[in-house]
Amino acid sequence: MKVLSKYPELRLRRNRKYSWTRRLVEENNLTVNDLILPIFITEGKSKIEPIKSMPNISRYSIDQLNRVVNKASKLGIPLVAIFPHTSSKKKNFNGSEALNENNLVCKAIKKIKKNYPDIGVMTDVALDPYTSHGHDGLLKKNEILNDETIEILSKQSLLQASMGSDIIAPSDMMDGRVGVIRKTLDKNNFKNVQILSYSSKYASNFYGPFRDAIGSRKKLKGDKKSYQMDYRNSNEAIREVALDIKEGADFVMVKPGLPYLDVIQKIKQNFNIPVFAYQVSGEYSMIINSINKGIINDDAVIESMMSFKRSGASAIVTYFALNLASKIKKDL
Ligand code: PBG
């Protein structure tokens, strides 16, 4: 039997000829279940404050939070991630506001879990929204202390879990924090609370607009290179993930997203754990600014999502989540 293996008998364009053929052979797809919505919260009342460096994204005061969560819930988005903008007054050297049981994050968790029992809430574990120097951990003589920081992070995790957080997401990159947090949660009867470890979080230049959003950009002393990963490396990501799996992570995150698709793929080739991608603030702003200027077409957003799916990501944290979810709903 003659096998048709090359041109002119074989023409790959045949499968691309019509929309219906393309749909039949599609290898990946995006659904609302793939989307995680980050939400910024702020102090005060009746506030919906636009964030200058992130077009169309705002910070919500707790009394306005339902507006955005309601949209997410109606569209069927499975999970929201909460990030606080803490006033400068409440920031201090050791970030003690992180452990205040009346802090913004605690209030937000309680409110969302009460009003929207069907949506998951994920909370970030790190000190940067609360420290006067903008670092994720305790600072001593130009060093970010590891073990001392973990102790506080495990208390922060316990507090968030006791308020009802479903997923504890350490984004601090201290060594050994996942294991300590898992033990602390288990000891205190939170054995069903999940841990999403930011396993491969790079010391990236793409976090700028996020730091504006939580008010830490101008405060940050130096950089985060002594704890976040070096962007020249990817084997190191495998070591980080292996440790986090051993320590009890339920899923792992790669962050930023688009410049690190190789890392997602490499993790998927080595482990069976679900991997999430974080399309971070700088990526969001670059894409939205180019769309707003008419430089690129807005389907670029879907294209970026499909690249995450191709690389093997199970879900994507993206500031486009609400737009994407409405688009997906309309197309059905
Ligand atoms: C902090 C944290 C950062 C982001 C999420 N959690 C910034 C940083 O590490 O400086 C960035 C997210 C984004 O840029 O969208 N622990």
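A polar contact is a pair of N or O atoms within 3.5 Å; within protein, one atom must be able to donate a hydrogen and the other to accept it, and residues adjacent in sequence count only if both atoms are side-chain atoms. The views below come from a predicted model, in which local features need pLDDT of at least 70 and side-chain atom pairs count only at pLDDT 80 or more, while totals for chains, interfaces and linings use all residues. Residues are numbered from 1 along each chain as its sequence is written, and side-chain values use heavy atoms, with hydrogens and water left out.

View 1. An N or O atom in the side chain of lysine 201 is 2.7 Å from an oxygen atom of the ligand. For glutamine 228, the distance from a side-chain N or O atom to a ligand oxygen is 2.9 Å. For tyrosine 319, it is 2.6 Å. On its own the ligand has 410 Å² of accessible area, and the protein covers 100% of this (Shrake-Rupley method with a 1.4 Å probe; for residues, only the protein chains shown count as cover).

**View 2. The shell around the ligand.** There are 17 residues around the ligand, and Ser171, Lys201, Lys255, Ser281 and Tyr319 come nearest (a residue is near if one of its heavy atoms lies within 4 Å). The shell consists of 7 nonpolar, 3 polar and 7 charged residues. Here Ala, Val, Leu, Ile, Met, Phe, Trp, Tyr, Cys and Pro count as nonpolar, Asp, Glu, Lys and Arg as charged, and the others, Gly among them, as polar.

**View 3. The largest cavity.** A cavity is a set of points, on a 1 Å grid over the protein atoms alone, where a 1.4 Å probe fits but cannot get out; lining residues have an atom within 4 Å of a point. The whole structure has 2 cavities of 30 Å³ or more, and the volume of the largest is about 110 Å³. It is lined by 14 residues, with Asp128, Lys201, Tyr207, Phe210 and Lys255 closest to its centre. The ligand sits in this largest cavity (more than half of its atoms lie within 2 Å of the grid points). A volume is the space filled by probe spheres set on the points, which are joined across faces, edges and corners.

**View 4. The second largest cavity.** This cavity has a volume of about 70 Å³. Of its 13 lining residues, Pro84, Asp124, Ala126, Pro129 and Tyr130 lie nearest the centre. Strand E4 (79-85), strand E5 (120-125) and helix H4 (147-163) each give two or more residues to the lining (helices, H or I, of at least four residues and strands, E, of at least two are DSSP runs, numbered from the N terminus).

**View 5. A cis peptide bond at proline 256.** The bond from lysine 255 to proline 256 is cis, with omega near -10°. Proline 256 lies in the loop between strand E10 (251-255) and helix H8 (261-270).

Conventions:
1 Å grid on protein atoms, 1.4 Å probe; cavity = no way out; pocket = protein on both sides within 12 Å on 5 of 7 lines; lining within 4 Å.
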